[in-house]
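Me: I am new to this one. Could you show it to me, please?

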Amino acid sequence: MVTKAAEPDISARLGGLRLSVPTLMGSGCYGSGEEYASLVDLAQLGGVVLKSVTRLPRLGNDAPRLVPVASGLLNAIGLQNPGIESYLASDVAKFADRPCAVVGSVAGFSVDDYAFVTERLAARDEIDAIELNISCPNVGAEGETFACDPDLAERATRAARAATAKPLIVKLSPNVTDIAAIARVVEAAGADALAVINTVRGMAIDVDRVKPKLANVSGGLSGAAIRPIAVLAVWEVARAVRIPIVGQGGIETARDALEFVLAGATAVSIGTGNFTDPRVPLAVASGIRTYLAERGIATLAEIVGSANPGFRGAR
Ligand SMILES: Cc1cc2nc3c(=O)[nH]c(=O)nc-3n(C[C@H](O)[C@H](O)[C@H](O)COP(=O)(O)O)c2cc1C
């Protein structure tokens, strides 16, 4: 009798957050999941990271706010959102029936903002975990970006940690000299997991109009163009901390995702890839299963960090 080999287990654990599939949808790139529900069975996704929400409503930057560039996308949305009170009143209840994890994303312009918005959002049952988007300027400290300053990154994380017992994922910026140093202080401040990386600063110029293409002048680069930057960041962070990493930046295929896993990511997130094909997350999950099955590997966790001799995390 021929017995069918058991399917590899591709589940992932981010602190107290268990994902049956190791793919999250990146903040700002998947709405609340609702927009894709007719195209993609959300039950086959690990989870959705919601658009970042701030204390007060924000209209965002002037248009143009999105510019396609070679192998990527420049965005300067400017954190457009209705503000936490309106978000809680009108939006959050819609996430109750999601068949995958729902991660709320918090942005802020002061340490107090991070504490306040985290506490308000995490208190809702619809929200399974919080991701802290610390790529924002601190208005009280000459606009220094939280994610680029160890002291500010630590204070924002500590404040959010004190505001909720739910799993806390802190999202790091690549726009620093030493991302591992920031990762260490954020881990020490109580983060359960790290999202690595947010967008890379960039700009494009319209040579006919002789001016920047984005109204905001500069923006964040995402998509395939940043993948090697992101893989290196995961590699470096995985040598510096023990908490799990959600790798992201230009993932379009299962093999892209596996680069992040082998560098040390426990799970992955897909953002810009959804804009060209919303089924990318499904193909990534099934391609990871096939990769493991072909090699007779029972669990995804076994290969996390296996290309990285300095990997320190727990598998
Ligand atoms: C249009 C757009 C909007 C985004 N909005 C947010 C956001 O609100 N909060 C956040 O933490 N990251 C935001 N991101 C960053 C993505 O979540 C992701 O970390 C980044 O784009 C790298 O992954 P990718 O190359 O797969 O898109 C945004 C990215 C894009 C392209």
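Me: Which side chain has an N or O atom 2.9 Å from an oxygen atom of the ligand?
Reply: That is the side chain of Lys-171; such a polar contact is a pair of N or O atoms within 3.5 Å. This is a predicted model, where local features need pLDDT of at least 70, side-chain atom pairs count only at pLDDT 80 or more, and totals for chains, interfaces and linings use all residues. Residues are numbered from 1 along each chain as its sequence is written, and side-chain values use heavy atoms, without hydrogens and water.

Me: What about the backbone of Gly-223?
Reply: A polar backbone atom of Gly-223 is 2.8 Å from a ligand oxygen. For Gly-271, a backbone N or O atom lies 3.0 Å from an oxygen atom of the ligand.

Me: Changing topic, what is Ile-134 in contact with?
Reply: Leaving aside neighbours within four places in sequence, the contacts of Ile-134 (heavy atoms within 4.5 Å) include Tyr-114, Phe-146, Val-170 and Leu-172. Lys-171, whose side chain approaches a ligand oxygen to 2.9 Å, is also one of the residues in contact with Ile-134.

Notes: Polar contact = N/O pair within 3.5 Å; in protein donor to acceptor, adjacent residues only side chain to side chain.
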